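Please read it alongside the sequence and the coordinates.

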Amino acid sequence: MAGAIAYISRDTDGLAWNKLLAEGLGPIDFRTLRAGLGNTDDIEIALAWKPTPGLLASFRNLKMIVSLGMGVDHLLADDKLPDVAITRIMDEGLVGQMSEYALYWGLWHHRDIEKYAASQRAQQWKPEEFVDTIHRRIGVMGLGTIGQDTARKFAALGFPTAGWSRTAKTLPGVETFHGADGLPKFLARTDILVNVLPLTRETRGIMDKTLFAALPKGCFVINMGRGGHVVDDDLLAALDSGHIGGAALDVFNVEPLPPEHRYWTHPRVHITPHMAGYTNPRTASPGVIDNIKALRAGQPLKNTVDAKTGY
Ligand code: GLV
């Protein structure tokens, strides 16, 4: 039998992956961190989510790392990461969930649902002034697969939608901006900001006081990228001053979010526990199976990660 496939995640037991990979590859030697990895010299492939730094380097015969998240910062944070191929999942299921998350909060804010909930609690029939959809400008930071899907769906609902990315991209129906020069113009026209950038050296802390100040007053911020994009004190100050109207946050600098963090009790912060996109083994496994077959056949791999750009 070929080398073992190790499932390295503390979050789930990996049974769904075991079943789907066995269906696609035939008999496999599947190991999990939870059940015990056995002799790690047997491990040829590691499916990993937030591995303990140094763990992957201890697998002496490792040939490929598969990131179980579309984001790979959790792997690149390991300064002992072994020099083997790194690929990441491309999961249309996760992509769809992420855009749902952004649409949910975008529409929630756009249609004043919080005000109506308060009116109901006060047993008040109180229609609010409405903002025409064509005047609610959506801005998506990060135009990878998830950002593109999100932008396309907002645009399909009739919102003027723009995207910002590091390098120039074009997307039908979506105005695009890029690079440091394009950022202020993009921000100035954004009423609902969605962040889905990868976390890299260049993007860490990008959501700071300069960025918030460049947004129009009352802008609603949705962060489903990474907590490391946000300078928390700057966001809290912008929320306290009322310049930022509200924030829906799924990701945090420290996860789980510490109990004493001000976000928990801030009246204009909405917290979810990094659930915007679950990796769905059903939709993510076909690409992983293809890559395992390609690796074993000496063929080129898909969805490889460039450690230099960080995604
Ligand atoms: C989740 O955060 C992912 O990177 O897929």
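1. An N or O atom in the side chain of His 274 is 2.7 Å from an oxygen atom of the ligand, a polar contact in the sense of a pair of N or O atoms within 3.5 Å. The side chain of Arg 226 likewise has an N or O atom 2.7 Å from an oxygen atom of the ligand. Gly 71 takes part through its backbone, with an N or O atom 2.8 Å from a ligand oxygen. On its own the ligand has 200 Å² of accessible area, and the protein covers 89% of this (Shrake-Rupley method, 1.4 Å probe).

2. The model is predicted: local features need pLDDT of at least 70 and side-chain atom pairs count only at pLDDT 80 or more, while totals for chains, interfaces and linings use all residues. Residues are numbered from 1 along each chain as its sequence is written, and side-chain values use heavy atoms, with hydrogens and water left out.

3. Around the ligand stand Trp 49, Gly 69, Met 70, Gly 71, Leu 94, Arg 226 and His 274 (a heavy atom within 4 Å). This shell divides into three nonpolar, three polar and one charged residue; Ala, Val, Leu, Ile, Met, Phe, Trp, Tyr, Cys and Pro count as nonpolar, Asp, Glu, Lys and Arg as charged, and the others, Gly among them, as polar.

4. Two cavities of 30 Å³ or more are found in the whole structure. On a 1 Å grid over the protein atoms alone, a cavity is a set of points where a 1.4 Å probe fits but cannot get out, and lining residues have an atom within 4 Å of a point. A volume is the space filled by probe spheres set on the points.

5. The largest cavity holds about 40 Å³ of space. Helix 9 (281–297) and strand 5 (85–88) each supply at least two lining residues, and helix 9 gives the most, with four. Helices are DSSP runs of H or I with at least four residues, and strands are runs of E with at least two.

6. The second largest cavity also has about 40 Å³ of space. Its lining includes Asn 223, Asp 232 and Tyr 263.

7. Where does the second largest pocket lie? Domain 1 (4–91 + 279–297) and domain 2 (94–271) both contribute to its lining, so it lies between them; the domain bounds come from an automatic or database assignment. A pocket is an open set with protein on both sides within 12 Å along at least five of seven lines. The volume of this pocket is about 710 Å³.

Note on methods. Polar contact = N/O pair within 3.5 Å; in protein donor to acceptor, adjacent residues only side chain to side chain.
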